[in-house]
Amino acid sequence: MDGKTSGSTAGKPIRCRAAIVRKPGEPLVIEEVIVAPPNPREVRIKIICTSLCHSDVTFWKLEHPPGIFPRILGHEAVGHFTSTKSWVAFDEMEPVQITRRFLSSSVFYPSCCGFVDSRVDANRMVVESVGEGVHEVVEGDTVIPIFLPDCGECTDCLSHKSNLCTKLPFRVSPGMDRDGTSRFTDINGETLYHFLFVSSFSEYTVVDIAHLTKIDPATPPNRACLLSCGVSTGVGAAWKTANVETGTTVAIFGLGGIGLAVAEGARLCGAKRIIGVDVNQDKFEIALAHSWSIHQLDVQNAFLHGTLTETVYMHQPYGFRDPSYPNHVCRLRKSLYGLKQSPRAWYQRFTDFVSSIGFTHSQCDHSLFIYRQGDDMAFILLYVDDILLITSSDTLRSAIMRQLSQEFAMKDLGRLSHFLGICVTHTPNGLFLSQQKYASDILERAGLSSCKPALTPVDVNGKLSEKDGDLMEDPTLYRSLAGALQYLTFTRPDLTYAVQQVCMFMHAPRIPHFNALKRILRYVQGTLSFGLHMTRPTSMSLIGYTDADWAGCPDTRRSTSGYCLYLGDNLISWSSKRQTTISRSSAEAEYRGVANIVSELCWVRNLLLELHHPPLKASIVYCDNVSAIYLSGNPIQHQRTKHIEIDIHFVREKVRQGQVRVLHVSSRFQVADIFTKGLPRVLFEDFRSRKKFGVTDFVNSRNCGDKTVSQVIIEMTGGGADYCFECVGLTSLVHEAYASCRKGWGKTVVLGVDQPGAMLTFSSSEVLHTGKTLMGSLFGGLKPKSDIPLLIKRYMAKELQLDNFVTHEVDFEDINKAFDLLIGGKSLRCVIWMNK
């Protein structure tokens, strides 16, 4: 077409809804507005959905210029052109009537949303207008409006070295870029301002063609809109600006939406190690599943609270003897430390009290207590005198704490940070569990605190035998270290198989066994900062992987079975164990492994049921043995399977009930391999690094002691990170990131924006002698019209993990809820559907 439309609304205003803010920081109000027709080189589009990011919050609070009100916010969106040829029946209707009729019909574009109202053809939804001189797109195209222009004509746009535009320079201004005027007014004719050339908190918007990028219409709109600004900025910073190389180390300062997008970009580029620096631990308040707070409680002298039900006597303590009855003994009514009855008495006393205030005892885990009254829910996890309290609201937590404090000498230690020797770091998308200090203590005890690190914990060329080598003269150290490593596997599933192997010889350890244990410790030395990521699950589905190493034991020819179980994206259970009997075939060994994980799945499903989050669909078990899969569904008993008949009946019953499905997975993607055998380094690191957003290590600025963050990173990486990204917008962090870079070739990339007047102070001598590079990254260095479609293709090919960034989705009417979630740190990215 020639850039013109033949429909009756071409060149006419359209009336629609928009979210307007009239004073800084006040809630947005949805009003009817009038959207002007496009000028030459402009296009009017319908917004399907948009995304809220921190830039919108910044403009929402902005009081000084360009803080002009009233305004329309938003700049992350996806929209459509639609054909005008089929609007014959509505030519005589006013635009507002057309809009209202079809905004109330809940119609969506089938290419993006997968369904459409059967009463209305998809091309008849809304008439869009295309200004004169527009040839890059035609009606019916799917587009993303982007705040950075790409005219395709000027020197900068034609060069691959720049993503700026000389013809339409980037600036923050209240209006369109070509003539500085807005395309929005309210129904009274008052001008509505907007920023960054795109206003997506409106059902229609007018965008200069230089700000539009055409994308594949098959892309889900609630994911495509993320690439309009924030996520693409972070991914592009690693991909285009820094050009992160495979096998390098990346440090990210600030783990908000941009920082995690940088991590995703670094993962795509093949970075070996991605270190996330939590610069503000209190900024986010995300716990798992429902963003509930997790607090740790402390009980003073817990065992003294227990009431004894058994008859126990004790001698009168020295200094407190009754002179009238010096030979009498005391009968204890309360428990004391040192009594074998004390733990049980304290547990019973605590159980009786919390039951009296409304908690019920879990049948799956006797250390768990559950409370539910209407929408209020709370969980108490008790381990001797260490207590966790999880509540659905701060009000409920305060009420429970008040009752507990009246009964016991108890206080709230605040948000969970350490529990049973496990350090808990709060990240924007969940929790990071680490035992770094405990691991360091083990290395110190073994005298290996300065040893050379190993790349893997297990030698792939051979297996340990109970007959190889000479017996150790003193097995005490071996047994102590092996036992300590068992507790380390609570947050280090990558050690599970190796530790299981050395623990099999604790009764009579030999020199080769001790050498294998030292290899594990050398591997721990190189991975001290590793831990377990627990993120807010995008689904409550249970997925398991199981594998077996048939006849792997050289002494008994018994098999080793291993499994791992995921709740959503979180690894919640794993095991590596030698089977109790000999399997006569690989299928038998694999099937016993299937039975083990199905048993674990039954327990987890029952636990979720008690937690009032029952699984809504069958749990999936992936196995790479076809014969074992057939056995799980074949109702016919064969002579060769009678000796494993109990396992067969157990699994088949769960399959028949619809609780479990056993499916095949290629050995290349069998994650459970890491729990059954030693793997080559490349494969081991691939399985080990399957973590959300690609972050492999965390550094908490509050836990660095007397050291600076840069000193910690330099020690972790042996000289500094190859690439450092500052994603917060603090001058001090830019200096810290620059100091964390490796000398000679390190790059520091700045993505955040500091307060006006903030200055960087680097001496020319420092820059000259260190050889580091400092660079900025506007929109990730991406060229909108060429690079964004490439990112879309990588998402559709399941390489780019956009799904991890969407934590909430709301309707347009609930747009203020989206602001509350983002400001409260409970949402990483909130998608807003215009008319779902």
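**Close-up views of helix packing and an aromatic cluster**

View 1. Phe-369 is buried, at 0% relative accessible area, whereas Tyr-347, at 26%, counts as partly exposed (buried, under 20%; exposed, over 50%; partly exposed, in between; 1.4 Å probe, protein chains only). The model is predicted, with local features requiring pLDDT of at least 70 and side-chain atom pairs pLDDT 80 or more, while totals for chains, interfaces and linings use all residues. Residues are numbered from 1 along each chain as its sequence is written, and side-chain values use heavy atoms, without hydrogens and water. The ring centres of Tyr-347 and Phe-369 lie 6.5 Å apart with planes at 45°, so the pair is tilted (centres within 6.5 Å; stacked under 30 degrees, edge-to-face over 60, tilted for the rest). Tyr-347 belongs to helix H9 (residues 342-356) and Phe-369 to strand S17 (residues 368-373). Ring pairs join both residues to Trp-346, Phe-350, Phe-353 and Phe-408 in a cluster.

**View 2. Packing of helices H12 and H14.** Contacts (heavy atoms within 4.5 Å) involve residues including Leu-481 and Leu-485 of H12 and Phe-514 and Leu-517 of H14. By class, this contact has 11 nonpolar, 1 polar and no charged residues.

**View 3. Packing of helices H1 and H23.** The axes of H1 (residues 54-61) and H23 (residues 815-823) come within 11 Å and cross at roughly 105°; the two helices are therefore roughly perpendicular. His-54, Asp-56, Val-57 and Trp-60 of H1 meet Phe-819, Leu-822 and Ile-823 of H23.

Definitions and conventions: Axes are lines fitted to C-alpha atoms, for helices over the stretch in contact, and angles run from 0 to 180 degrees between N-to-C directions. Helices (H or I, at least four residues) and strands (E, at least two) are DSSP runs, numbered from the N terminus. Angles under 35 degrees count as roughly parallel, over 145 as roughly antiparallel, 65 to 115 as roughly perpendicular and the rest as oblique. Ala, Val, Leu, Ile, Met, Phe, Trp, Tyr, Cys and Pro count as nonpolar, Asp, Glu, Lys and Arg as charged, and the others, Gly among them, as polar. Rings of Phe, Tyr and Trp (its six-membered ring) pair if their centres lie within 6.5 Å; planes under 30 degrees apart count as stacked, over 60 as edge-to-face and the rest as tilted.
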